[in-house]
Amino acid sequence: MDRNQITKWLKAPAKMANKYSLHAIYFCTGCGIIEVPPVITARWDAERFGIIPVATPRQANLFLITGYVSVKTLKAIIRTYEQMLEPKYTVGFGSCPINGGMYWDSYNTIKHLDKYIPIDGWIAGCMPRPEAIFIAVTHLWTLIEKGMANGYVRYKENYEFYRKNQEMALGKLDWPALYQINSDSKAVEYE
Amino acid sequence: MENMVVKITQIILSPILALIVGVFFLGLARKIMARIHWRYGPPLIQPVIDMIRLFYQKSVSHGRMFDLGIILSLAGSIVVVLFLPFGQICPLAGSGGLLVILYIMLLAPLGLALSAGQGANPNISIGISRKFILTLGYEAPLLLVLLSVMTHYKTISIMEVVNIQQRTGWSIISFPLFLSGLAYFLILPAILGIRPFDMTSATQEISSGPMVEYGGKYLALTVLEHALVLFISIALFVNLFLGGAGNIVSFFMKMLVVFVLCLCINAVFPRFRIEQAIKYLWKWPTLLAFLGLITTIAIRS
C-alpha cells in the first residue's frame, strides 16, 4: 500500500483519514460473520489497512452486514446505523442482503436491504472468501476518494422513503425520526 | 527575565512533548502487539490517522458535563506532566513534588467518570464502577510505594530524588527500595489499564465501558487523555526507580524499555475479573510495598 501520498493528505485530510481509518462495528448478522474473525486476526490481518473492529456504533464508521437480515435484526440494524456518526459507510456482505439469496421465499427475512438503509457497496457470493472483504475495502477507498460513498447523504435526503419502507416492514417504529419529514413521498412497493 | 522565558517555554512545550511521546507509544503498542501475534500490524502513525478522522467526524454530545468532564480530565493530566522531570527539565520543580502529583493524578479518572456518566448507558456505569474499584485497588500500594521513596530520600521533590539517584545509582537496585520498585512495576499494568487489568474498557463484555458513548471529537480527546496517562505513569516509574536521566533522550529510552515490558505482559495475559484484580492488587504488591516501607523506616531511623 502506498503511504507516501503527502500531497493528497495535505489537500484533503478528512478524506484520507476516512479512507485509512475504517473502524468496523461488531454486528453478527447471519452466517457471514464467520468470515470476519480470520480477516481481523493473524491470518489476513485487516489492521494493516487500519481496519479494526470496535464495540459501539459511536466509534465506528464502517458497518458490515454479513448475511441474511431477519425482520427482527433489521430493527437492530436500523438503530445501529442511525447511532453511527457521519461520515459512515455500509457494506452488504454475501448474497442474502442483496436480494434475499437462498432465503428468497422466507417469511421471516427481508430482501433488498438497500430499501431500509443506504448501502455503499456489495460483496456478492455465498459465502464470499475473506479476501473479498479486502477487495471491497479497496473499492470503498476509491469510492471515498471520488466522493461516491455517500450513503449517509442519501439517507438524509431520502429519509421519508427509507422511513416508510422501514415502517412497512416493521410496523409502527417505536423511536423518533432521525431527520425532519416534511413531504409525504411515496415509498416503493414491498415485494 | 531570561529565566522566566525559559520557564514559560518549558511549561508550554512539555505537555506537547508528553502528548507526542504518548501517541507514539499508542502506535508502537499496536505495532508490537501485532508482531507478537505474528501479524504485520498497522503503520506507526495509525493513532494519528484515527485522530484526524475522529476530529473531522460529526460528534454527539450528551450534555454540558459530557463536554466539561473530559476537558477536566485532560487538564488534570496536563498539570501532572508539568510536575514530572523529563531528564533534567522540570517546569514546576520547586512546588509540591510527589504530594501534588498524588492529588492531581486522581483528576483524570474522576473527570472521565463525570463526563461518561452523562451518557445514560448501563455499560458506562458498570465501566466506571470497575474503574473506581480498580483505582482503589492500586492506590493503596501506590501510596505505600511513594511513602517509602519519600522516607528513604527524606524529600518530597522528584527532582531531588532524581539527582540523588544520579549520584548514588538507581533505587531499584538499592536495598530497601527494590521491594517498592517491584511493587510499583506489579501495579503498573493496573494504572495503565492494560491486560490483565483492562476490565474497565473490556470491549467484549461491556462494549468498551466508559467509552461506549464517545465518538468523534470526544473519542479523540479520550485517546489523547489515555496517551497522557500512559506517559505519566511510566515517567513516574522511571523518575523514582530507574534514576531519572541526565538528558531527555536517555529518559525516553528508559520509558520505552519499561513500556515494551508492560506490552509483553499485555500480550500474554487474559483478563482478570474485577474481584480477582482486587485480590491480586491487595495481596502481592501491597505486601511488597508494605515490607519495603517498614524496612525503609527501620533503616532510616
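User: Where does Met127(A) lie?

Analyst: This is a predicted model. In it, Met127(A) sits in the loop between β7 (121-123) and α6 (130-146) of chain A. The peptide bond from Cys126(A) to Met127(A) is cis, with omega near -10°.

User: Which other peptide bond is cis, and where is it found?

Analyst: The one joining Arg195(B) and Pro196(B), with omega about 0°. Pro196(B) is in the loop between α8 (177-192) and α9 (203-206) of chain B. Most peptide bonds are trans.

User: Why is Lys154(B) called exposed?

Analyst: Count its neighbours. Lys154(B) has 9 C-beta neighbours inside 10 Å. Exposed means 12 or fewer, so Lys154(B) counts as exposed. Its phi is positive, about 50°, although it is not a glycine. Lys154(B) lies in the loop between α6 (122-153) and α7 (158-168) of chain B.

User: Is Ser208(B) buried or exposed, and what makes it so?

Analyst: Buried. Ser208(B) has 24 C-beta neighbours inside 10 Å. The cut-off for buried is 20 or more, so Ser208(B) qualifies. Ser208(B) also has a positive phi, about 60°, and is not a glycine. Its place is the loop between α9 and α10 of chain B.

User: What is the span of helix α1 of chain B, and what is expected?

Analyst: Helix α1 (residues 2-36) reaches 49 Å from its first C-alpha to its last. That is close to the 51 Å expected at 1.5 Å a residue for its 35 residues. There is a kink of about 25° at Leu13(B), shortly before the proline Pro15(B).

Technical notes:
Residues are numbered from 1 along each chain as its sequence is written. Chains are lettered from A and ligands numbered from 1 in the order in which they are written. This is a predicted model: local features need pLDDT of at least 70, side-chain atom pairs count only at pLDDT 80 or more; totals for chains, interfaces and linings use all residues. Helices (H or I, at least four residues) and strands (E, at least two) are DSSP runs, numbered from the N terminus. The expected span of a helix is 1.5 Å times one less than its number of residues. The bend at a residue is the angle between axes fitted to the seven residues ending there and the seven starting there.
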